[in-house]
Structure formats: C-alpha cells, structure tokens
Amino acid sequence: MNATPANHDVQLGMPALPAPDYPADVRARLAADAKEVIARYPDSRSALLPLLHLVQAEEGHVTRTGIRFCAELLDLTTAEVTAVSTFYSMYRRKAGGDYQVGVCTNTLCAVMGGDAIFEELKEHLGVGNGETTEDGTVTLEHIECNAACDFAPVVMVNWEFFDNQTPRSARQLVDDLRAGRTVEPTRGAPLCTFKETARMLAGFPDERPGAVEATGGAGPASLIGLRLARGEGAPGRGADHVIAPRTTADGPTEEPPSGHPSGQAPPGHPSSHDAPHETSASDKQHPAGPSAEEGE
Ligand code: FES
C-alpha cells in the first residue's frame with residue numbers, strides 16, 4: 001500500500017553506470033582544444049561554460065560523456081557540471097536538429113505576433129516545444145526575451161536574429177532551412193549549423209571568409225535612443241527635427257521628448273509585418289511617451 005498518493009509516480013531503479021569516455025582520438029582532439037580554452041582563465045573552473053559549448057559542438061547536445069569530460073579536465077564533480085549545464089537554456093539536454101529555431105514568446109514579442117508564430121510553426125512542422133522534425137533539421141522551442149524587443153517579434157536560428165517576423169515569413173524560414181536553401185539572418189553572421197555555432201561559442205574563431213565582417217553592428221532601431229541622447233534628429237522626421245540633449249542635475253536640464261521618435265521603419269530595415277500597425281506614433285491624436293519631468 002502506498003504511503004502517499006504520489007508514490008506510484010516515483011521511479012526507483014539502479015543508479016546510472018559511469019558515463020563512457022570518448023573514443024581515444026576524439027578525446028585527444030577535444031583535450032587539446034580544452035587546454036587552449038582553459039589557458040584563457042586564471043582559474044580553470046571558469047572555463048566550464050565554453051567547455052560545455054565545446055562538448056556540445058561534438059555531439060550536438062551535452063551528453064553524460066561530455067559532462068564527465070568537463071568534470072575531469074576542470075577537477076569538478078559530475079554533479080557540479082550537471083548543475084551548470086542544466087541551468088542554462090543554451091545547452092541542450094537531448095539530441096536536436098541542425099537548426100535550433102527559437103520563437104520569442106516573451107511579453108512584447110508575444111503581443112506583436114510571437115504567440116501566433118509559435119502556433120503556426122508547431123502546426124506546420126508537426127512538433128511541439130523542444131521537439132525536432134523527423135528529418136533532424138529543425139528543433140523548435142519558445143524562448144524568452146532576446147533583448148531585441150525593438151524588432152519584435154523575433155525568431156532566432158542558432159542564436160542569429162530574424163527580425164520582424166510574421167507567421168508566413170517564419171514558415172518560409174523553416175521551409176528554407178529544411179530544403180537546404182541559403183538563409184541569411186537579418187543581422188549577424190551568416191547562418192551555420194548548431195554544432196558549428198557551438199564551437200564558436202566555445203571560443204574558436206569563425207573561419208568562413210567575410211563572416212566576421214558580416215556581423216555588422218546594432219540595427220538602426222536599436223540606435224534611435226542613442227541618436228536622441230546625442231541630440232541628433234530622429235529618422236523619418238526631417239533634418240530640422242532635432243531634440244536637445246539630456247543633461248543631469250549637475251548641468252542644464254531638458255524636456256524629455258514627447259511621442260515616439262518615428263512611426264516609420266528605419267530606412268534599409270523595413271518591418272516585414274503583414275500589414276502596417278496602428279501605433280501611438282502613427283496616431284497623432286493619442287501620442288505616447290514620457291510627458292512628465294524626469295523624477296516626477
Ligand atoms: S520580448 Fe522578444 S526580444 Fe524582447
């Protein structure tokens with residue numbers, strides 16, 4: 001008789017046997033790479049995160065063998081390595097596809113269409129969250145805010161950004177990935193496979209010609225705030241629309257700008273929304289934005 005109603009859910013079994021080691025040639029290669037990574041840190045255990053990326057680059061996810069490898073090289077316990085590897089969402093716990101497709105469903109992206117995109121891709125690919133298509137190409141997951149809210153809703157593929165997505169554009173994106181067609185992210189380096197990306201995250205250079213240069217900088221929408229802080233005109237308002245620079249209590253003050261800087265997508269980086277959205281910036285009768293003195 002069960003002592004508690006939940007006892008029947010408890011799975012008792014034999015403790016797992018120690019993880020097998022890598023084949024000798026693989027271990028030798030990884031050990032040489034790991035030595036290079038560890039040498040970058042004053043304390044070897046600080047190299048754990050890049051080493052987890054390194055073993056992920058080998059097998060596509062963090063296996064028990066990879067955990068054992070990291071533990072041995074860093075003089076940690078496998079429990080300590082496991083605790084770290086299961087804390088961060090960039091480490092996969094099971095085998096996945098060549099392309100990790102993450103749909104941001106955090107608040108802003110969700111209301112801008114992220115939820116609809118995620119539902120569309122689940123239906124289109126026939127997989128759920130964290131699952132991989134039968135051809136082993138795409139792993140779908142919903143992800144938290146990627147600090148790219150100004151391009152919402154965003155989709156990431158192997159951590160590269162695809163801005164201003166719609167259900168239709170996201171469907172086309174995964175179709176292209178599955179068909180092996182070239183796919184260019186909106187920003188960042190040209191796309192590569194999950195394993196190749198993991199190796200770069202371990203700290204090894206992107207060897208593809210021109211790839212580093214192609215990463216560019218921040219997108220125009222991200223730079224609007226910086227331009228305003230410098231007193232430069234906001235895009236889409238003409239050269240004569242210049243906002244005075246802000247200062248602090250130590251110097252002259254300024255009125256915070258009222259209304260959004262622009263209702264238009266920045267030149268060269270148009271939104272790909274299916275239809276224009278009515279926003280506080282485009283509704284002149286109901287402007288939004290700071291309207292009070294700072295500190296009020
Ligand atoms: S909410 Fe999606 S990037 Fe911030």
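Trainee: How many helices and strands does the secondary structure of the protein come to?
Mentor: This is a predicted model, and its elements can be read in order along the sequence as α-α-α-α-β-α-β-β-β-β-α-α-α. Taken together, the secondary structure comes to eight helices and five strands.

Trainee: In which sense do strand β1 and strand β3 pair, parallel or antiparallel?
Mentor: Strand β1 covers residues 99-104 and strand β3 covers residues 138-143, with six bridges between them. Within this pairing, Val103 stands opposite His142 of β3. The sense of the pairing between β1 and β3 is parallel.

Trainee: Which residue in β3 is the bridge partner of Glu131?
Mentor: Strand β2, made of residues 131-132, pairs with β3 in the antiparallel sense over two bridges. The hairpin of β2 and β3 has five residues between the strands, and there Gly136 takes a positive phi near 75 degrees. Across from Glu131, the bridge partner in β3 is Leu140.

Trainee: What percentage of the residues in the protein is buried?
Mentor: A residue is called buried here if 20 or more other C-beta atoms lie within 10 Å of its own. Of the 296 residues in the protein, the buried share is 26%.

Trainee: Over residues 238-283, how many contacts beyond near neighbours in sequence does this stretch have in the model?
Mentor: The mean pLDDT of the protein is 80, and 73% of its residues reach 70 or more, whereas over residues 238-283 the pLDDT is below 50. Where pLDDT is low, the predicted coordinates should not be read in detail. With that caution, the number of such contacts for residues 238-283 in the model is 72.

Terms used
Residues numbered from 1 in each chain as written. Predicted model: local features only at pLDDT ≥ 70, side-chain atom pairs only at ≥ 80, totals over all residues. Helix = DSSP H or I, 4+ residues; strand = E, 2+ residues; numbered from the N terminus. Buried ≥ 20, exposed ≤ 12 C-beta atoms within 10 Å, placed from the backbone. Pairing = 2+ DSSP bridges. pLDDT = per-residue confidence, 0-100. Contact = placed C-beta atoms within 7 Å.
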